[in-house]
Each structure stands twice: as C-alpha cells, then as structure tokens.
Amino acid sequence: MDTMIPEIRRLLNDTLSPEKAVLASATDGLDRLSRFPHFPLSLLAVATGGDSQGLRLAAAAYLKNFVRSCMDDDPQSLELQRFRNQLAQALLQAEPAVLKVLVEVFRLIVVKNFVKENTWPELVPELTLVIQRSNLIIQNKNAQWSTLNALTVLQTILRPFQYFLNPKVRNESVPVQLEIIAKEILVPLQATFHDFVNKTLSFQDPFQDQVQSKLEEIILIICKCMYFSVRSYMPSALGPILPSFCHDLFRILDSLSLDGASVDGSLLRLKIAKRGLIIFSALVTRHRKHVDRLIPSVVDCAFKIAKHSGNICSSKTVKVMQNLDCISERIISLAFDVISYILESGPGWRVVSPHFSSLLDNAIFPALVLNQKAFFVKDILEWDEDAEEYIRKNLPSDIDEISGWTEDLFTARKSAINLLSVIAMSKFEYVYLVNLLSQLEVTIYLQGPRIATATSKRKKADKSKGKQQESSIGELLVIPFLSKFPMPYHGDKASSKVVHNYYGVLMAYGGLPDFLRERNSEYTTTLVRNRVLPLYSSCPFVPYLVATANWIIGELASCLPQAMSSDVYDSLIKALTMPDINGINCYPVRASAAGAIVRLLENEYVPPDWLSVLQVVVNQIANGEKNESSFLFHLLGTAVEAGQNIISAHIPMLISSVVGAIVNHIPPIPDPWPQVVERGFAALAAITKTWEASSAGEALEHDDRKWESAQAVIARTFATLLYQAWAASVQSIMQCVKQSIITSFTQAAFSHFKDLRNKPTGLWKPLLLVISSCYILCPEIVEQVLDRDEDNGFMIVACGLAHVSSRSFDSGISSVSEIKLAVITLEKFVERLVAFPLKDGNKVLQDCLVSLMEAFLHLKEVEEKEAEESDSEDIDDEYSDEEISDNEDSEDDDLEETQEEFLDRYAKAADELSEIVAGDIEDGVQDLELGAKAMRGEAYVLGKWSKQVPSTGRGPSNRLGGGVGRARLDFLYYEDFIWWERFNTQCVLNGYIWLCTVGPVDEIDVREEILSLIRRHHQVLLKGQALSSGLIQQMLDAFPECTPLLQVH
C-alpha cells in the first residue's frame, strides 16, 4: 500500500493539469490502480495526509466516487470491514473541508452495513468512547479526538433514521440500532447539551466569540441528531429527557433578537432556532402524547417569535430591515406553522384560543400588510426589481411552474395566511365561542353600519340546541376583524397607512376560500362585491391592491356565484389591460389577472361574452413582451379548451394574430425552444383541436363557401408558421434526427454483420462502412449500441474493418470515399484502443494499425491515379456550366413528384437491389460498388425527393456521376428512415453511407490525423512490432518528418 501512495499523489496532481493529454493519462492511471485491493486505503491515506489541501480534497472526492461505484457494482471488492474501520478513524481527525467530503463516503457504508444489514455491532460502543474522550467534552484541546468530528459522524449515522425504514408497515417499531444510539449516546449527551447552552447564553466577552461559535456548532449538530431521531420514530429512551431538552430550546429561542434592537443572533444561533422550531413541529404532529404538558410553553415561545412579524412594518431603519434576512423570516414562518399544528388538535385549540385576538392584532395581520417605509421598501422593492419573484411569493397561481424545494418561498406571510385559514375553519360549541367573543368584545359587520355584537348574539341564541349548535371562528371573529379596516379611495396614496392595511386585508381574504365555500353564495357575493370589486374603480392607481384583488378572485373561483360573472370578468379584463402607471411596473397586475381568469375557467366559471375576452387576450398577445405573451398564450389555450364549440366560430378571425405572435418570438437558433414559443404552440394545438371537433359536424351540415374559406385561411396560416418554425429549428432537429438515425442504422448494420461475420462476403464492406460512418459522427452512441447488443461488440467491428481494409481481402475497399472513410475510422479505433485498452485488445490494435497504414498508402495511390484521369478528362470536356445547369433544370421539372410516387418508385428500386443482394449472399463472389455508380439510383431518388423540402443550404451535399447533379439532404423526416427499413438492408445501407460520409469526411485532413497519432503514441504502436520493415519504409517515405519515431530500435 505504501508504494502506491506516491503514485496516487502524482496522478491526482496531474488531474489538476489544464492539458488534456496529461489529464487523460492521469485518469487512465488512477483507473488502472483502482483494480488493486489496497487502492481505497491508499486513497484514504492521501485524503488525510496529503501535502496540500487541494490534493487532500481531490483524493477525498475520488474516493467518494470510487466507493459509490463499488457499492453499486461489487461491494465485496472494497474489503469493507477493514476499510470502514480506517475510514471511521480518519473521519475523527480530518480537517473540516475534507470531513465534509468523507462523511458522504461514510454514509454509503453506514446505510448498507449498519442501517440495512445491522452488521457493524462495534460502531456505537466505539463512537460512545470517542465522544466521551473528545476535546470539548473533557475540556482538553490536545485530546486525540475532535468533539465536532465525532458528533458529525453521529449525525451521519442518524440521518437515515429520519424516515421510516419500512414505510409499508403500518405500525413499524423503532429500529434496534436507533434505540441503542438513543440510550448509549443521546441521553448522556443531554447533560453536555444543557451545559453548552448555559455557556453560550452567558457569553458577554467579544473575545470569546470563537469559543462561542464552536459551542453553538456543537449545539446545532446535537439538535439535528435529535431531529433525525424523532422525526419518524420515538426511541423509548428519549421520552424522559424531552422536557429538559425542550426547555433548553425555549431558552435559545427566547434569546433571539429579531426586532433590530441589537445585532444579536449569529448565523449559527439562527440556525439553532430554526432547527428547534422544526423539532417542535415534529413532536406536535408525530408524538403529541409525549409533549402534551409542554404545549403551553411551546405556544408561548412560538407566539413571542411570531409577534416579530410586526417588525417588517414597524422597523425604522434600513439596517434593521436588512438584518431580517431569509433565515430570520423562515424562523417567523416556522413559528406560525407550529401554532397551526397545535391549533388543529382539541387540547391545542383550548390553549391557543385565548390568544386569538392578540394573534390577529400583533402577529398575523402585521405579517400581511404591505411592507413599505420611507427609507426601505421591502415588498415594493421586490415588485420593481423582480416581479416574477414577487408573484411567486405573494400571488402564486397555476400558471407558475415552481419546481424543487425552494425554502425562500416559505415566507412569514404565507404561514400567517395558513394560520388564519386554520383559525377561520375552527368549529366548536356555540356557547363556548359566544363566551370567548364576549370577552373579546368583537363587533361583527361586513361594511358600513354595525350588524350585531357578540353579547346581543348570546341573548338570541337558541337554548334548545345547547351544545349541539356549532359555528366557526371565521364567521364570528376573523371576518369582523378584517371588516374594521376601511377601503381606500381615490384620495389615498400608495404610501398611506390605509392602503398598507387594506393590502393585508386582501391577503387575508385570499386565504379564506375553504371558509367561504362553507358559507352560502349570498355571503360570498356580499364580501366580493363590497370589499374587492370596488378597488378596480376606486383605486386603479394603486397596482399593488389591484394585483392582490386579482389573486383573491382566482383563489375564490370555486365559490363565486355565476350571477356576478359579468362584474368579475369586467374587472379582470380591466386589470389584464392595465398599462404601467407613473413609472410603476404593472406586470404583476396583468399576470395575476391572467392567472385569475385561468382559475375561473378551470372551475367552469365562464364569461358572459366570450368574444370580447378572446379579442382582449389576442390583442395583448400581439402587443405584449415575451414574458407577458407566455402567460397570455397559456390563458388563451385554457380559454379555447373551456369554450369549445362556443368560440369555434371566432377561430378563423383570431388565428392569424396568434400565429404572427408566435413567429415573432421564434429565435434564430431555437435550442431549446423558449417557453413563450412552447406555450404558443400549445395554445395553437388547443385551437386546432377545437376547430376540428366543431367543424367536422359543420362541414356535413353546411357545406358552403364560408366554411371552405375559413378552412383555407387556417391551413395557409398553419403552413406559414410550420415553415418558419422548421426553418429556424432545422439544425437542432437535424441533431436529434441524426442521433436517432445513427442508433437505428448501427443496430441494423451490426445485427446483419453478426450473422455474416463467420463467412466473409461482399456485404462485409457496406455493413462495416455504415457503422464507420456512424462512428465518425457519434462515437459514444455507436459504442453504446455495439456493446449493448453483444459483449466486445466494438472489438468485433474493429477486427472486421481491419480485415476489410487490408489488401488481402478479395472484395475490399477501392474508391477514394471508401478508403478515406476506412482510414479515418481505423485511426479513431487505434486512438481508442491505445487510450483505453480493452481485454484481449492487443491483437486487434495491431491488426487495425497494419490496415490503417496499408489503407493510407492505398489512398495516396488511388488519389494520384484519379488526379491523372481527371486532368485528361478536363481536356476533352466540352460541356459548359450553362448547359449543365439547363440539363439539371429540365431534369428537375421532369422529376417533380408526390410523396406517394416517390415511395412507390423507391420500393421498385429496392426490389431490384434485393435480387443483387440475394445473389451476393448465395455465391459470396459478386461485389457491390459503393461509389457514385452504385449509389446513383438510391441517392438520385433520395436527392430529388429532398428538393421538395425547404433547405437552409447548410446540410451535406455531394456531386454524383452520370449527370445527376447536386442533391441536398438538409432535412429528412425520421419516419422516412423507419419506412426504408421495410426494404432490403443493402439499399438502406448504401443510401445512408452516402448521406453520412459526405461532408464530415471531406473536412478531415487524413495525413495530419495519422501524423498526430504517430507522434503521440509511437512508443505503444511500435511496441509489438506489428509493422513489417517494408511497410515501415513506405511510411517513412510518406512521413519523412517521423523518421526518428518510426525506426524500430
């Protein structure tokens, strides 16, 4: 093992080299060493004892990838028992940067050996001893073990237990490994946790910040370990220590200062607070019986933090608002969530309900109001600088495509709205609620005059129902609370307190759809008509309110009565067309209006006038920017699908504008298509589907000129769009088609070659040259196909091509294009076999090398011969360019044909060629030419048909013999290639050889490629002395500059 370490160090340093050759050589060297059993241990030694941190990190990263690969393929190759013990030892002493990488290696082994198989019994006892003897536990900085590293190892071991190991088991018992860890490590750690919390909270000296930081890091890791232990399971040993643990968390949470009075609360302290609230959520939702007595304390702690949401409005300096960063807001959000979880239980409701009034006044509503101050504008700044982010956080809709787990979207405002919804939906005995509300002295009204008070309501209560009568907090508390805030009017500025507060009212209404669904339609109608719709006329110059009003209508889509659809759609259309006002960007207003209309249509809440809605949407698409056209296309598609037959008559009038807008957004190189174009085509597909469904019946009933004219308009418009889209996307489409075709043809050619490989025939050459053509274009795809179809498929093809390319093969390569194709492919094969040696590949490498040199010399001879013949033909050539052009034009006119005629003629040509192929297979003598003569029939037909497809002029082309002319193959439909496979294999292969080899092969300098190969790998190539002395002499004549390299010593 020790002898391997210096070599590993050298190779790892080489992997940092910018030179590709050095990097490739280092990678190959490490791959070669990885076959030795001591390789992972040597790599681990470098990771923990390398000369530099870069080297140690490189070794750790390589070890992580190596172990992951071994665990997937062959876990036994690692000698796990020895390796895992040394890895655990290394983790306990590694530096933080390396530790972060090595724990990922450790996790892979822990999951297999400890969690799933439980075959590492000594792990927990040994880790227990290490923790007990670590530096911070025994307060000795010279101790052998690091407390931080040891607890990091513990965290890695516990992480898999945060999820149920057997989720299909209804009542899964706590895993025995977790029980042992809880008893032997976590319970004893509680005393250390308590001691560290005391020290952390007592620090006052700024010079002790470093010590405090280490202690807080330990506290955070212990919190994570506890969370992983109780998120799903509840080990029996942890129940008794939960009160003490939670009280320490209460103290940490109480120490936070989120009001900006001080710059207290480091990042670690905030992370501890965040983790503590997450633990409370897990305990309340999963293990409530263990923390019932702690619920009041949890509520008080969460309520204190939730009240900091008011700081968003009440802070007076820029610095304070900046300090309330993402993690601080997440902490406030989690506090609201904890209260919500507690409130959903009966005992929790009784604890929280006395705080309802205070929660609304001091926590929930302050989190909902508009955040704006003279020197710092939170919501307004986000509205102006990143409107999309503002919409995602505050006005989410189905149009948004949010993917992944983005924590910054869990805002205090969203959690406050959720808590308000839970409060509003709470139902308990009427008498209990009346007593509660009488204490709060809440007045119930929607707008204008007072309707009723809680005390008067109690006098009128039906005593016969008693405890059987129930009501909701939303009706008796939430709606009255929100109704006390007046609506703003024309005279109120956007910066006024009235506007800020009413923004919060609208946010609250948007969180009450579940509550409003349980009310009758008149209740919702009154609320929307009196408190939402007037904003569109009274506050049109306050876009923040209008955008929120749009969002509310969308959220209430399922409970709006149809009777008010006219007013609703008039308001939303007004918002959809709202221009920017006084320099304020109104994009969120238009986007939220579109989202609201989509929600209405999806809930079958249709507009009274479809045509006016469609016209507005299409006009906005035609005049809008890319971002706005994107959501407008989505809106249009939804409207068409919802309207169906009602709007089909308007489609011919709208279609040209829609297509024109799509064309305007198609980029020059659509790779990939932008979202606006994708949504445009999706809307167009919905329009087409609706038109076809509705026009089928109309065509039978009313076969008049009007319908035919509309059909013709739509067809012409679609043809224009498809041509534009094709012209812009031909390159990207060609790439996809090329890969699909290469896969199909490689599979077909290799399958046929395997059937014939034991009997050399004339078909060897075309089959192997087809695979060669594909390999030049996409070597990775071809190798995958070959090795997938059969083991050593690449070796089989390389050996076959070497045989066909040698002069000893009877039906070998002859034309310049064939020889050049073979030479280029053989050169790539040799490069591949040298760079990545294969088992038993030395013989194939030598054969390919000999055939490569012979074929190159043969190529020079044939090119010289053809050059002499070309010179003599030029003397006798009497045709002018004009005459050739005339002949080509006349042929083009004669050969214009439909696709059906093309396919029929091609089938006949395939039948004729099938007879030739059959004869060749039978006698094994007749050869098939692959030059211009042999391909004239196929390529000519192929080329003439391709001229009916629009061309960009950038695709491959070829000058064919016999007056055929230049046939361009810029684009061919994939279905055509699949159709060809119904015919004789030889016909397909001939045509595809011609298609693939023209262009890429012509651009390659063969001599330069071979010269580069010799210079880079001459030692390996001459090692086996595969070249005869005569061949080497010929190569010396061809490459005099390589004389020192080609001489055999």
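**Notebook: helix pairs and cores**

I looked up where two helices touch: Ala387, Glu388 and Ile391 of α22 meet Tyr587, Pro588 and Ala591 of α33. I note that this is a predicted model. By class, I find 5 nonpolar residues, no polar ones and 1 charged one in the contact of α22 with α33.

I then checked the geometry of this pair. Helix α22 covers residues 387-394 and helix α33 covers residues 587-602; their axes come within 10 Å and cross at roughly 45 degrees. I therefore write down α22 as oblique to α33. The crossing of α22 and α33 is right-handed.

Next I turned to a second pair. Helix α12 (residues 242-254) packs on helix α13 (residues 267-286) at an angle of about 140 degrees, and the axes are 10 Å apart. The crossing of α12 and α13 is left-handed. On the α12 side I list contact residues including Phe245, Leu249 and Leu253, and on the α13 side residues including Ile272, Gly276 and Phe280. The class count for the contact of α12 with α13 is 13 nonpolar, 1 polar and 1 charged.

Last, I looked at the nonpolar cores. The largest has 247 residues, and Phe106, Phe114, Leu154, Ile364, Leu576 and Leu636 touch the most other members. I followed Leu576: leaving aside neighbours within four places in sequence, Leu576 is in contact with residues including Arg590, Ala593, Ile597, Val616 and Leu632.

How values were computed: Residues numbered from 1 in each chain as written. Predicted model: local features only at pLDDT ≥ 70, side-chain atom pairs only at ≥ 80, totals over all residues. Heavy atoms only, no water. Axes fitted to C-alpha atoms, helices over the stretch in contact; angles between N-to-C directions. Helix = DSSP H or I, 4+ residues; strand = E, 2+ residues; numbered from the N terminus. Left-handed = near helix turned anticlockwise from the far one by under 90°. Contact = heavy atoms within 4.5 Å. Nonpolar A, V, L, I, M, F, W, Y, C, P; charged D, E, K, R; others polar. Core = buried A, V, L, I, M, F, W, Y, C linked by side-chain atoms within 4.5 Å. Buried < 20%, exposed > 50% of the residue type's maximum accessible area, 1.4 Å probe, protein only. Parallel < 35°, antiparallel > 145°, perpendicular 65-115°, else oblique.
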